[in-house]
Amino acid sequence: MALDLSRFAKAFFEEAQEHLYALESLLIAVDINAPDDEALNAIFRAVHSVKGGAAAFGHTALTAFTHEFESILDRVRKRKLVLTKRLVDLCLTASDIMRRHLAALEQERAPDLAELAGMQEALIDIADNADRPIAHATPAPTTSAHVTLTPINSASTDASRTGAMSPATSLQVAMRLMKTDYADTAAINNLLADIRGLGEVASHDCEAISATQWELRFSLNADIAEDELRESLEFLAPADSIYITSPSNAAPFTALPSVIDARDTEDENAYEFFAPLEDETGNEPDVDINTFLHKDLSADIATNIEKDFIAYEAYANAPVNDIALASLADASSIRVNVAKVDQLINLVGELVIAEAMLVQSAADINEADKARLAYGLSQLERNTRELQEAVLAIRMLPISFVFSRLPRMTRDLADRLSKEVELEMVGEDTELDKSVIEKIADPLTHLVRNALDHGIETPDERQRHGKPRVGLLSVRAAYHSGGIMITVADDGAGLNRERIVRKANELGLAVTDQWRDDEIWPLIFTPGFSTAESVSDISGRGVGMDVVWQNVHSLGGTVDIASNPGTGTTITIRLPLTLAILDGMSISVCGETYILPLAHIAQSMQPEAHDLKTVNSQEVVKLRDEYLPITSLQQLFNLSSVQPAMESENSEAKAISDLLVILDIDGKRAALRVDALLGQHQVVLKSIEANYRRVKGLSGATIMGDGRVAFILDAAYIVGVAHTVDIELNAKPYG
Amino acid sequence: MKTILTVDDSPSIRQMLAYVLANSGYRVLEAADGEEGLALAQAHAVDLVLTDHNMPKMDGVTLTKALRALPAYRKVPIMMLSTESSPELKQAGREAGATGWMVKPFDPDKLLEMLRKALGSA
């Protein structure tokens with residue numbers, strides 16, 4: 001029967017990428033000076049898992065590569081090979097190459113086999129030439145599995161290795177040697193010495209493959225034909241114990257296992273049974289498994305099992321790199337198609353609107369019915385809200401998805417810039433809506449790159465300023481008053497005021513030295529604004545910060561900068577938790593209903609006449625000790641001032657221009673003149689941009705209970721306009 | 001209908017095995033590591049165990065030893081399924097009490113043939 005297994009190939013690609021991602025995290029996190037067993041095991045298993053899948057789906061080149069990679073990692077975890085920074089760097093590059101290879105396979109493009117082969121060679125090279133722990137004193141040949149042979153870098157072969165040109169032929173050889181003939185290391189080393197007489201032994205390995213036999217494998221570079229080599233070797237060992245292959249690719253030994261195994265298994269089947277099975281009548285055969293099994297039932301085996309249990313329990317509970325664990329042990333989550341979730345959210349949104357409409361209608365019914373209806377509706381409202389929250393929660397993902405790329409990026413970038421940086425990440429499990437995460441990923445990355453490139457100084461410079469040589473880059477996420485706050489802080493040089501003022505003037509902006517810091521710093525969000533002396537490819541092409549601003553703003557968020565020369569810079573991004581629902585305050589202006597986001601309303605007030613003043617033709621109101629600028633929607637949107645506020649039963653509306661709503665955008669405040677406050681409610685946000693086009697000053701729209709559309713006002717825009725900063729200047733970042 | 005327990009830390013391999021086995025009329029139980037496998041084996045009557053070797057928490061060889069220590073599983077066929085076919089590992093499997101060995105990547109037809117032999121004529 002021909003079953004189609006290709007459907008599982010997709011799952012393999014996803015899994016493999018997860019394993020590679022875990023591998024990367026583990027490699028970055030591992031302490032080279034004192035690596036712990038669990039970490040090394042996890043590193044090995046990540047590659048092993050990829051190999052398993054690759055083999056299962058017939059990706060031969062990748063299988064061969066991962067087999068080699070895995071053997072090296074196996075030696076590392078068994079402490080036979082020391083983990084050095086160079087090896088870690090190489091492994092990281094190897095994992096990048098594997099990722100690219102997998103991506104190519106998945107997209108059905110031709111993968112770069114040369115790159116793979118090159119990395120394979122590099123790995124083998126470093127493994128063979130790396131420091132090894134010294135061999136045990138006298139390995140008993142029948143019990144030790146691995147033999148330590150004369151290192152390749154002995155004097156006699158050194159000369160031939162340096163400046164070696166590619167040999168005429170490179171042959172892989174495996175030899176089965178009887179332990180009775182080669183009783184100890186010395187004997188095998190002697191054999192190798194003889195073999196070196198035939199040519200250059202490029203790499204070698206020797207293992208016990210059974211109680212009675214060694215398998216010696218080596219790669220010989222020599223100007224010698226295969227049969228000549230065979231003849232020569234037959235002086236040293238029986239003919240049927242010699243296997244020679246010439247490599248079809250650049251990696252030695254990969255062709256070999258199959259050669260050996262094919263000859264090794266008693267039958268050429270894909271499986272084997274250790275002992276004859278019970279025959280079909282159910283009678284026990286003469287030699288049965290039980291003779292093996294009875295051995296296992298002795299007490300000390302039981303304790304061994306217990307020891308294994310304990311050991312594995314310890315392994316399971318050990319605190320391995322959190323990120324790796326999260327990505328690997330995903331048993332408690334499922335993948336859901338995003339379109340399905342979006343549909344659910346739409347439906348819930350409609351439900352909320354319908355419910356609001358009912359509430360509206362209910363207002364007109366008589367008392368008795370009204371009570372019952374009111375009760376039913378309140379139930380409905382509660383259920384709907386809970387449903388809404390549950391559905392939105394499906395879309396929430398921890399911000400670690402974005403943070404996760406930072407360690408590797410920081411490491412590479414710091415290396416490239418010859419800077420020493422410690423990255424601190426806090427609040428990785430803070431959850432945000434998926435689309436928010438997607439939009440914030442690039443801006444966040446850019447801010448981190450900026451901090452590394454322009455913020456943190458070189459170690460020498462830091463030392464000159466009395467700072468520690470290692471710079472600190474701190475990325476934090478936390479819930480904050482109904483939203484999320486993400487900060488990127490560095491203890492570097494801080495922003496340079498003069499340079500910014502100069503650049504702003506160059507761009508034609510009328511900026512002076514008199515401006516306050518908090519007016520100067522936001523200038524870097526202007527398009528085309530990069531004060532980097534030379535544009536490095538890392539950041540500073542002038543397209544970075546304004547895109548950051550755009551993305552954050554389009555998410556309904558804000559960006560703030562605080563900077564101190566010599567001490568450092570902190571950039572704070574505030575974002576709403578979800579995009580779809582808003583807590584709003586309805587207001588009425590000129591007969592139209594608008595919604596203000598409740599999060600940005602500090603208070604409302606009716607000022608006394610003596611609190612109102614006009615300064616430089618800007619109306620202001622005195623609130624406590626502060627004078628706040630006043631603006632109105634008429635002013636902002638060019639509305640015709642229509643008749644006085646419409647009558648409504650429970651109207652608290654006073655004469656026009658007496659009611660002010662104080663808006664607060666992270667401490668920056670302004671007053672908005674309104675005709676009436678209509679009430680607070682939760683409002684389903686509908687996008688104007690998606691349905692019409694982007695409109696300055698509006699962050700969306702909603703459908704009210706009476707079926708009419710109400711605009712949701714952009715509080716940040718209003719406050720910005722109200723303030724004394726030149727409107728032209730403000731307009732630029734809004735694009 | 002015979003019940004087969006598959007133990008492998010790779011979800012895609014487990015899915016593949018489940019697909020092949022279920023299509024041939026076997027009931028399939030799945031475990032992601034040796035510990036889960038042991039728990040499932042104790043909770044259900046399993047007719048054959050297919051286990052990978054390299055897994056977290058408890059590897060295949062250890063699982064085999066643990067199963068053989070249970071009276072119910074002294075004779076149940078336990079087949080090790082692994083990419084590694086090193087003689088050492090096979091020896092370890094054999095000593096732990098495994099019934100046999102199968103190499104990954106596996107051919108579905110070979111797998112089924114092996115199962116038929118191991119389970120006797122059902």
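Here is a short tour, from chain A as a whole to a helix pair in chain B.

## Ground rules

This is a predicted model, so local features need pLDDT of at least 70 and side-chain atom pairs count only at pLDDT 80 or more, while totals for chains, interfaces and linings use all residues. Residues are numbered from 1 along each chain as its sequence is written, with chains lettered from A and ligands numbered from 1 in the order in which they are written.

## Chain A at a glance

Chain A has 25 helices and 23 strands. Both are DSSP runs numbered from the N terminus: helices are H or I with at least four residues, strands E with at least two. Of its 735 residues, 32% are buried, meaning that 20 or more other C-beta atoms lie within 10 Å of the residue's own, with C-beta atoms placed from the backbone.

Take the contacts in chain A between residues at least 6 apart in sequence: 68% of them join residues at least 24 apart. A contact here is two C-beta atoms, placed from the backbone, within 7 Å.

## A five-stranded sheet

One open sheet in chain A runs in the order E7-E9-E10-E12-E11, with mixed pairing; strands count as paired if DSSP finds at least two bridges between them. Its edges are E7 (421-426) and E11 (558-564), each pairing on one side only. On average, neighbouring strands are turned by 10° against each other, direction ignored.

E11(A) pairs with E12(A) (residues 568-576) in the antiparallel sense, over seven bridges. In this pair, A:Ser563 sits opposite A:Thr569. Helix H17 (residues 434-455) of chain A packs on the sheet, where it touches E7, E9, E10 and E12. Helix H16 (residues 405-417) of chain A lies across E7 and E9, at about 165° to E7(A); such angles run from 0 to 180 degrees between N-to-C directions, with axes fitted to C-alpha atoms, for helices over the stretch in contact.

E22(A) and E23(A) form a hairpin with five residues between them, and A:Gly707 in the turn has a positive phi of about 85°. The two strands run antiparallel, joined by five bridges, and A:Ala701 stands opposite A:Phe711.

## Two helices in chain B

H2(B) (residues 34-43) and H3(B) (residues 60-68) pack at about 25°, with axes 9 Å apart. That makes them roughly parallel, the word used for angles under 35 degrees. The residues that meet include B:Leu38 and B:Ala41 from H2(B), and B:Leu63 and B:Ala66 from H3(B).

Terms used. Parallel < 35°, antiparallel > 145°, perpendicular 65-115°, else oblique. Buried ≥ 20, exposed ≤ 12 C-beta atoms within 10 Å, placed from the backbone.
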